[in-house]
Amino acid sequence: MSNTHNDKKRKRSRSDDQLAPAVGPHVIQWLGKRKKKVPDALSADKNNHMQMEQILRLLALKERERRALVRYVEKRIDEEKNGGPKKVELQDSDGEYDVKNSAAAASHHHKQQELWPTSVTFSNNYDWESSVPADTKEKYYPSNKIRQRANHFSRNVYFKRITDKDHPAYGEFGLYCALAHAKPGQWLLDYVGRVTLGEDQNKKSDYVSDFGEHSELACDANLLGNEARFLNDFRNTGNYPNVEFNFRRDRNGEFRQGVYVKQVKEAKEKGFDGIKQDEELLVSYGKSYWKSRVDGGDLTEFVWRLPNQPMPPGGKPN
Ligand SMILES: C[S@@+](CC[C@H](N)C(=O)[O-])C[C@H]1O[C@@H](n2cnc3c(N)ncnc32)[C@H](O)[C@@H]1O
């Protein structure tokens, strides 16, 4: 009797194990976002047998990081249960780079060409590093179907040097809306760059964005990319983010990262109705981008101008 009971118990726990959600890929994603090394045992666990406790022992994180990781994984698993992460209706952008230049576009392109940094290769096509395993690349870039994009500037946006001394990126470039009105949810352009494995990314580059279904890759626009590399972060600008990154597959199955106008329900600004001509496009790089760049990682010191608030007394700190 007790044996049967134990057998049942054993059976139940085995099947529970099989049904337990896979945590490994989420942990790898979290580590990638923080540019932390993935332990070999975790990379080798291809069938996702490792459980959270085991992984946490392996990682030996500080308490605060440990809590953040657990929260992150719980959220991802919750999303999976509820049919995946929140989906937005993405507009199809295919065709944008097929269009032949009109005379007006050509003059716009000429002006942008003059400003384009000589050290950066302009491209609307991802450049895959040879160190990315062939099967990973094939999953995102089906080689026999890929359509090369024309390498011309976008007609939806333009970049220029920032001349406002109160802007936190004064003297650098920013990206602006070229359309009379870019509607919520509208695609503007793609964030393009060199694609590497997350762990091989250049940690000194300020132009790296997560890439891949599990952020296991990185896309770096430091040396190659298009105008999207000039997107600034909203912090300290006095504005909320008005664009966001979304991944999509194009009609040939290529994985691409688009810059989209925020959806009304996602925008923090009350009454948000898209972006007007000449408004700066601002995204949120995420806290981890700034934590690793701000002395001591304390963002309360770093955020000196809040959205819709005037400049604090004393103005911008030196
Ligand atoms: C991806 S680049 C953005 C384009 C950059 N402004 C340029 O001219 O190449 C990221 C860099 O822009 C600057 N930046 C962007 N947003 C900023 C912000 N809110 N505050 C301060 N600097 C910012 C920082 O120098 C950061 O390293």
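Which residues is Asn222 in contact with, leaving aside its neighbours within four places in sequence? They are Asn202, Ser205 and Tyr207, where contact means that the C-beta atoms of two residues, placed from the backbone, lie within 7 Å. This is a predicted model, in which local features need pLDDT of at least 70 and side-chain atom pairs count only at pLDDT 80 or more, while totals for chains, interfaces and linings use all residues. Residues are numbered from 1 along each chain as its sequence is written.

**Overall build**

- The protein has nine helices and 15 strands, with helices (H or I, at least four residues) and strands (E, at least two) taken as DSSP runs and numbered from the N terminus.
- Of its 318 residues, 25% count as buried; a residue is buried if 20 or more other C-beta atoms lie within 10 Å of its own, exposed if 12 or fewer, and partly exposed in between, with C-beta atoms placed from the backbone.
- Among contacts between residues at least 6 apart in sequence, 68% join residues at least 24 apart.

**Domains and annotation**

- An automatic or database domain assignment divides the protein into domain 1 (2-81) and domain 2 (103-302), and the centres of domain 1 and domain 2, taken over C-alpha atoms, are separated by 32 Å.
- Nine residues from domain 1 and nine residues from domain 2 take part in the contact.
- The side of domain 1 that touches domain 2 has three nonpolar, two polar and four charged residues; here Ala, Val, Leu, Ile, Met, Phe, Trp, Tyr, Cys and Pro count as nonpolar, Asp, Glu, Lys and Arg as charged, and the others, Gly among them, as polar.
- An unreviewed UniProt entry carries the annotation "domain: SET" for residues 155-286, and over residues 155-286 the chain is 0% helix and 38% strand.

**Around the ligand**

- The ligand is surrounded by 14 residues, the closest being Pro168, Glu172, Phe173, Asp206 and Asn232; a residue is near a molecule if its C-beta atom, placed from the backbone, lies within 6 Å of it.
- By class, this shell holds six nonpolar, three polar and five charged residues.

**The loop at Asn222**

- Asn222 sits in the loop between strand S9 (217-220) and strand S10 (224-225), and Asn222 is partly exposed because 16 other C-beta atoms lie within 10 Å.

**Helix H2**

- Helix H2 (residues 24-33) is largely enclosed by the rest of the structure, because eight of its ten residues are buried; among them are Val27, Ile28, Trp30 and Leu31.
- The cover over the buried residues of H2 includes helix H3 (40-44), helix H4 (52-59), helix H5 (63-81) and S8.
- Just after H2, Lys35 takes a positive phi of about 55°.

**Strands and sheets**

- Four strands form an open sheet in the order S2-S7-S9-S8, with mixed pairing, where two strands pair if DSSP finds at least two bridges between them.
- Its edge strands, each pairing on one side only, are strand S2 (127-128) and strand S8 (208-211).
- S2 and strand S7 (residues 194-197) run parallel and are joined by two bridges, with Asp127 standing opposite Arg194 in S7.
- Strand S12 (residues 243-249) and strand S13 (residues 255-261) run antiparallel and are joined by seven bridges, and Phe247 stands opposite Gln257 in S13.
- The hairpin of S12 and S13 has five residues between the strands, and Gly253 in this hairpin takes a positive phi near 90°.

Methods. UniProt positions are given in the numbering used here, feature names are shortened, and annotations may be inferred rather than shown by experiment.
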